[in-house]
Amino acid sequence: MEKVCIILAALIFSSIYSLKLSKKFNIPTLIIYLGVGMLAGSEGFGGIEFDNAGLAQFIGNLALCIILFSGAYNTDIKEVSAVKKEGLALAFAGVFFNTVLVAVPIYFFTPFDFFGALLFGAIVSSTDASAVMSILSFGGLNIKDKVRGILKLESGTNDPMANVIIILLINIIKLGNIGIIQGLVFLSLQILVGAVAGFIFSKLTVKFINKFEIKMQELHQLIILGSILFTYGFTNILKGNGFMAIYILGITLGNTSLSYKRNMGRFFGSLSWMVEVGMFVMLGLLVFPSRFLAIWKLGLAVSLVLIFLARPLSVFITLSKSGLDKREKLFIAWGGLKGAVPIVFATFPLVEGIVNAELIFNLVFFVVLLSVIFQGMTLPFASSYLGLKETKSKVFEKGDLENLEYFEESLVKVKVRNEGEVAEKKISEIGLPKDILLILINRKGKHILPKGDTIIETGDELYILGESSEEIENYITKALETINSTDEKQQA
């Protein structure tokens, strides 16, 4: 038990330090975590024996639910609305084209049969949000907003489509006799049921939170975590795609007015980071590096086909009428990094006992490593060479009221009482001293920027900034009812 705790602590600290390495050397954090897992594995220094593909798939699916939800929850629809056509086209049509374009040479030059080649193509077809974000965000790569938006939207939404195609192909390989019409119906129902289920469960989650009026953000976090697990499980029972449902759940809740909304985003961002590190290390444990010696030539050939042929062609075909110029399409093609998602998907054939499943897994792992190292480390150069690097600094950026908690001053939230002296008065009439500032009014869930002629109404929640919470309370104790304790700073 003690050794496990020390190992977990070391992983946490190394994951934080890896961000610095990622930014300095443009190394995607995925490589570091996978490397740790491989070193800790049976063929590394750790000597940990782990070859349970079923357990890896189970843990991987749960981790993907959290990661997918977090990415969707923190996606502002307004920010991606300008590129939604291009991003969603790549997420659906692009995945299909990529699957076929990879499968053709795989079928003719490898031991895979036709459906095995398609299965491999589907597994490596989706770009990985974690790998992309580790470069675009944590790596500090500043590129044009439109191109960045397309890559972020594609990488966050293409997993469900790839997952549906993989499930269909596994069923075809195992059962056979599935016609084209039946296959299209299966694909459509998986996506449709998943989307509808995600939307319905998001609305039910909001109603549940509002009905019970729970004022503890920790319980809100548990409610939404429970909603994630229930949505994924119940959608799969309904024969829909659980990952699609999770994405719709996340993006709907993230763009709905909720209590503690910003804090919820931070919580699931941290949780996503934690499960991501654990998943990457686990996948590193699952692989046996010595087996790469037997497939490195085939793995290199497959990687070159994917990077230089299938991905660019799928991007250019999908975005042929998008209005993007050639340079933008080339960078989007080069930015389609592979990551942990294809490796998790590669465990599906292992669990189902598909022919050549072990070869598929090892090839996918090899392709992912090469993609992240080769493409990930050269993305900054590609952005500069293609003239897509953003050189202008942004004048306006989103502020974050939560950072006020780190000020020496205190931010206090108070509620106006019926019998208070400030109710139904203008702000200019209540005589706040110069060292106390009213910065925001929350009126029934609607945020109002205070002005001198703004009338304060009974039930308003006022956010007041001052030298100390005691000073604020001493001044307004007769007029206001303090919600938070005097020694606790209330985040906005």
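Guide: Let us start with strand β6 (residues 461–466): six of its six residues are buried, so β6 is largely enclosed by the rest of the structure. Buried here means under 20% relative accessible area, while exposed means over 50% and partly exposed lies in between, with a 1.4 Å probe and protein chains only. Strands (E, at least two residues) and helices (H or I, at least four) are DSSP runs, numbered from the N terminus.

Before going on, please note that this is a predicted model, in which local features need pLDDT of at least 70 and side-chain atom pairs count only at pLDDT 80 or more, while totals for chains, interfaces and linings use all residues. Residues are numbered from 1 along each chain as its sequence is written, and side-chain values use heavy atoms, with hydrogens and water left out.

Back to β6: Glu461, Tyr463 and Leu465 are buried on one side, and Leu462, Ile464 and Gly466 are buried on the other. Its antiparallel partner is strand β3 (residues 437–443), joined to β6 by five bridges; two strands pair if DSSP finds at least two bridges between them. Leu437, for instance, has Leu465 in β6 as its bridge partner.

Now for the packing elsewhere. The largest nonpolar core has 116 residues, and Phe120 and Met279 have the most contacts inside it. Such a core is a set of buried Ala, Val, Leu, Ile, Met, Phe, Trp, Tyr and Cys residues joined through side-chain atoms within 4.5 Å. Helix α17 (residues 357–385) gives the largest share of this core, 14 residues. A second, separate core of 14 residues includes Ala423, Ile430, Ile436 and Leu438.

Leaving aside neighbours within four places in sequence, Phe120 is in contact (heavy atoms within 4.5 Å) with Val102, Ile106, Val302, Ile360, Leu363, Val364 and Val367. Val102 and Ile106 are also among the buried residues of helix α5. The buried residues of α5 pack against several helices, including α6 (114–123) and α14 (292–318).

One last stop is Thr347, found in helix α16 (residues 340–352). Thr347 counts as buried because its relative accessibility is 0%. Beyond its neighbours within four places in sequence, Thr347 is in contact with Ala53, Gln57, Leu286 and Phe361. Thr347 and Glu358 are 11 residues apart in sequence and 8.8 Å apart in space, C-alpha to C-alpha.
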